[in-house]
Every structure is written in C-alpha cells, then in structure tokens.
Amino acid sequence: MRATSSSVVAPVGSTLRPIRQRLLLTLLGYGTLALAACLLAPLVGSTRISLARAFDRSIPFADNVDAQIFFLARMPRVLAGAIVGAALAAAGVVLQALLRNPLATPFTLGVSAGSALGAMLAISAGAAVAFGPLSPVPLASLVGAFVAAAIVYALATRPGRPMSTAVLLLAGVTLNSFFSALILFVQYMADFAEAYRTVRWLMGDLDVGGFAPIAGVLPLLLVACAAFAVLPSSLNLLSVGADVAATRGVDVARTQRLAFLSAALATSAAVALAGPIGFVGIVVPHLVRLMTGVDHRVALPASALFGAAFLVACDLVARTVLAPVEVPVGVVTAMIGGPFFLWLLVRKA
Amino acid sequence: MALQLQQISFEYGPTNGFAVRDVSVVIERGSLTGLLGPNGCGKTTVLKLMAGVLRPERGTIAFDGRALADIPRRELARHIASVPQETHPAFDYSVLEMVLMGRHPHLGTFALEGPGDLAIAYDALAGTGTAHLAGRTYMSLSGGEKQRVVIASALAQQPDVLLLDEPTASLDLAYQLEVAALLARLNRERGVTIVVATHDLNLAASICRTLVLVRGGRVLAQGATDAVLTGDTIRQLYDVDADVRFHDRSGHLTVVPIGRIR
C-alpha cells in the first residue's frame, strides 16, 4: 500500500460527513461571516459611529446621525460590495465547472470586455438615456455584456449537441482581446476628462451612491441565483466529464447552457454595478474549495457568501488604507489576487 | 433481451463518414458480452450509442423493448451505467464523493443523498475492493484504483446494464486479472448485464460468454465465445495470424498472436 497520509487533508476527511450536515454548517458559518462583514464594514470611516446607536430604534431616524451614516451613507456601498462579490465568486465557480478548468474566471468569456466597451462608449458619448433605476453607463455596459455573451454563445452551441468548451474558451479569450482593442481606441478618441472617467470605471468602484443602482441590477441577479440553485449536482458531474454526466442522467446540453447564461447574467450585472473588479471570481472559489472541499452543492453557496465578505473587506481596505485618498478596489483585489493566482499555477505544476 | 440495436448507423460529422454502419446487436439480459475489434473500428461509438450518449442517425436501439430515445435521461441512467476508458475530473473529489455521484439519477434536483444512498455507495466500494480508499482523493489513486472507483460509481447507479470501455487498458497484469474477476463476479452474483469493449483477447476469452466482433464500423461476427473466437475470425478482425487453443489450466480459450499478415 502506498502512503496515504499526505493525501488525506482536512476537507477530504470532512467529505465523509453527511452532505446535509456539511451544507448546514457551511451556510451557517459563511452566512455569519458575510453578515458580520456587512454590519461591521459600515462602522469604519472618517466619522466614528456605533452599531448599537445605529440600530437604536428609540431615537427617531431623522435625529440619529449614526443611523443615517450607517444606512444611507455607507450601507449602499457595502451592500454593492457584498452583491458584486457574491455574484462574481458564484459565476467563477460555475464557469470553472462548465469549462472544466479551475483557472477560468467570470471574465474569461468576454462578457466583461463587452460590458466595458459598452460603458466606455456611453461615457465618451455622454449619453443620457436612463432606464428606470439604471443610468446610461450601467445600461450600456449591460447591453455590451449581452452582445458579447450572445456572440460567444452562438459560436459555441450547436442544436441538440453539448457545447464545445474549447470554442467557448477560445471565443471568449479572442473576444476579450478584440473588445480590449476597441476600448483602447475609444479611450484614444476621447478627451482627457472622459478618458480619466473610463480608466476610473475600468478599475472598479463600489461607491454606487445609493440603493437605486443596486435595485436596478437585482432582478438580473435573482434570475441568475435561481439558476445557480438548480445547477450544483449537475456541475459536479459535468466537472468529472460530459459523457460521464450524460450517463449519470444529466442533460448535458441544457446544463451547459443554463450554466453559461446564468454566469454571464451574474457577471454582467456585477460589472454594470461596479465595473470589472478582477480576481474575486478566482481567488474566492479556490480559497473556499480548500476549506469546504470541491462538492459544488457546498462550494457554490459558500463561495457566494465568502465572496460577499471578501469584497466588502477589500473595499474597506481600499477606502481606509491611504485615507483620505481612496485606492480603487480593483487594485486591492488585484494585489491580493495576482500573487494568489500565480501561487495556484505553481502549486498545480 | 436487455439491449437491442437494429440497423444502427452513426457519423460524427457529415464529412467524416460513418463510424458505425448497419450494426445489429442483441445483448441478452444477464449476459457478459465482449466487444472486440481493431483501433477505430467503432467499439467506443457502439458503447456510447448503447448508453444513449450518442443518438443514431439511422436505426433503433431498444432497452427492454422500449426505444432508448423515448426514455428520459435520468430514468435511463437508473438502468444503464457506463465506465469510460479514463476519467479525469477537473476537481479533486474524494473517492466517496465520486461514488456518491452515481446516485444522481436516483435523486431529485434538490435532494441530498441520505443514509440509504450512503449504504449503497459503501456497498459498491466494498464490491470493488475499494472501501479502504473512501477518504482518499481520487487524483491520489493509482490507475487500477481509479478504474475500480469509477466502476464502483457506476455500480452505485444500481444499473441493470454496465458498459465498460477498455477497463483494463492502462492496468498492469495483476490489476487486469483483478478487474476481470470483478466483472465476472458482478455478473454472476449481482446479475448485472455487462458489455465490455477490450483489446485483451485473453481477458475476453476468460470472462465473456458471448462476443461481438466489429471491424470498420460493421459487425463481423457475433455469438458464443467458443464459436466466434477462432484463428479465422482473428485474422479477419486484426490481419493477425494467431493460435487459438483451449488452455487446460485456465479453463478457457487462449490466443497467442504469431504475426501480422501483410
């Protein structure tokens, strides 16, 4: 018998526990973490406030400065961080299973580049079309994302057959480069003020200014969430192999389409809200898998919750580390994510 | 009969020609059938057609008299399970997780496996001699262990029919014999109907009671092993001159290849 000690690590040992118990513990643990992040992050800032006072119902809201700062000034930003973090992390998990590639990210499929191009065009055109709670830039970014997703989807699907993940990956990467070139061109043609705004948008920003933009993308995220809820056990089998999944009763073509469309939807909503914030979609799923094991029924909800906490924490760092100057949150996630990504590559090799 | 293929034809693309042409095969319930033929002859395609992974362009496949195309995928997976040549998961699942995935067709979308499913999984692990590996990760296993775990996963589906694609191809002699003995035992003790595609003629001779010989996407011969496995058919199948003799100590036919026929 070969030595077994090195391969039996904690999460694997814990997979011997019943799934029901693992799922419950995970939801409880990571849910608490996400909730704690959302409650504690608004307390930090230029003005010190107290959580007890903010939730003190005996003081009228109009007179409760702590509550106003907590709920009106800081909560939208924290909530945006939580939602975007959860969406990107969950989309990362789904795409990594769909592409059977642990290094895939929500931005691998060209959706974010399409979204960025849409936003760039809206910024440099100074467009003023608003749609409900969506202002022109997020709206254009959504349109860009949908166009990119539609192109990749059309290229990779054939009627009645499983998707070609190779085409999916190559089309996504190609589209990313193509749109990036167009983005550079749009920036080159723009004047200084517009160019600065486009660059700032590309860095990602969770300062959404209120609850309206969040409400604008929430319906899209809820639809994506509903799809994420039915996917996990099929994703487990899909990540083992398409043929294996088919012989275990998974409708492969349908699962792949649902996975692609829901991940694209979640990604486009997140990017429309806060710009393309990198690395969340890869760092979080990997960290979570190390802790919970790889079963998607546990790893997917855990990644969403951990992603929420992670991005709220990153944004907290972004707005405090050089205060009063604010570091773009995309730079913070990249600072953590870049080295982590390389570590993953080296570890795999 | 468990599976009946009638005049099946299949092509992978309009320009690739037929991978399988006018194939008619009958797999009896409780049988252990070997699927023999040279590389690229269509063995794997036939297995995928039997599993319902591929749909034939022409002809019909029936399971227990019902057209395969009319059986929902999940229901079909409760009757027919497959073991591919090699299985490479994208993530490092534990052995128990791999085997529990075999319960998928028996569970609803949101249902989690319960104690009953766990018992079936451990039974499948025990049946393949891999119970001691339950807590290991799949990727840390040797080739032979992986193959047996995947077979356990297929057994957890509690199928009537088990299809295996060259299950011994990457295994050393000891593991080859072990997997062969496992298949014979599953067939004998659990009554699982087994179809195994293989290049190992001696393995086929030792465990298979019936053989189907395939060449160029067509069925060359099928029938009882003793009747079908002859020097003549091997020459037609592989262009190889071989001695086929009954071997007293092993109690089955053995094939000794002599040389290639130009």
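Q: In what order do the four strands of the open sheet in chain B come?
A: In this predicted model, the order is β2-β1-β4-β5 in chain B, with antiparallel pairing; two strands pair if DSSP finds at least two bridges between them. Strands (E, at least two residues) and helices (H or I, at least four) are DSSP runs, numbered from the N terminus.

Q: Which strands are at the edges?
A: They are β2 (18-27) and β5 (66-67) of chain B, each of which pairs on one side only.

Q: What are the ground rules for the numbers here?
A: Residues are numbered from 1 along each chain as its sequence is written, and chains are lettered from A in the order in which they are written. As the model is predicted, local features need pLDDT of at least 70, side-chain atom pairs count only at pLDDT 80 or more, and totals for chains, interfaces and linings use all residues, while side-chain values use heavy atoms, leaving out hydrogens and water.

Q: Moving on, how many aromatic pairs are there over all chains?
A: The structure holds eight; rings of Phe, Tyr and Trp (its six-membered ring) pair if their centres lie within 6.5 Å, and planes under 30 degrees apart count as stacked, over 60 as edge-to-face and the rest as tilted. In one of them, the ring centres of Tyr30(A) and Phe306(A) are 6.0 Å apart with planes at 70°, so this pair is edge-to-face.

Q: Are Tyr30(A) and Phe306(A) buried or exposed?
A: Tyr30(A) and Phe306(A) are both buried, where buried means under 20% relative accessible area, exposed over 50%, and partly exposed in between (1.4 Å probe, protein chains only).

Q: And how exposed is Trp343(A)?
A: Trp343(A) is partly exposed, at a relative accessible area of 40%.
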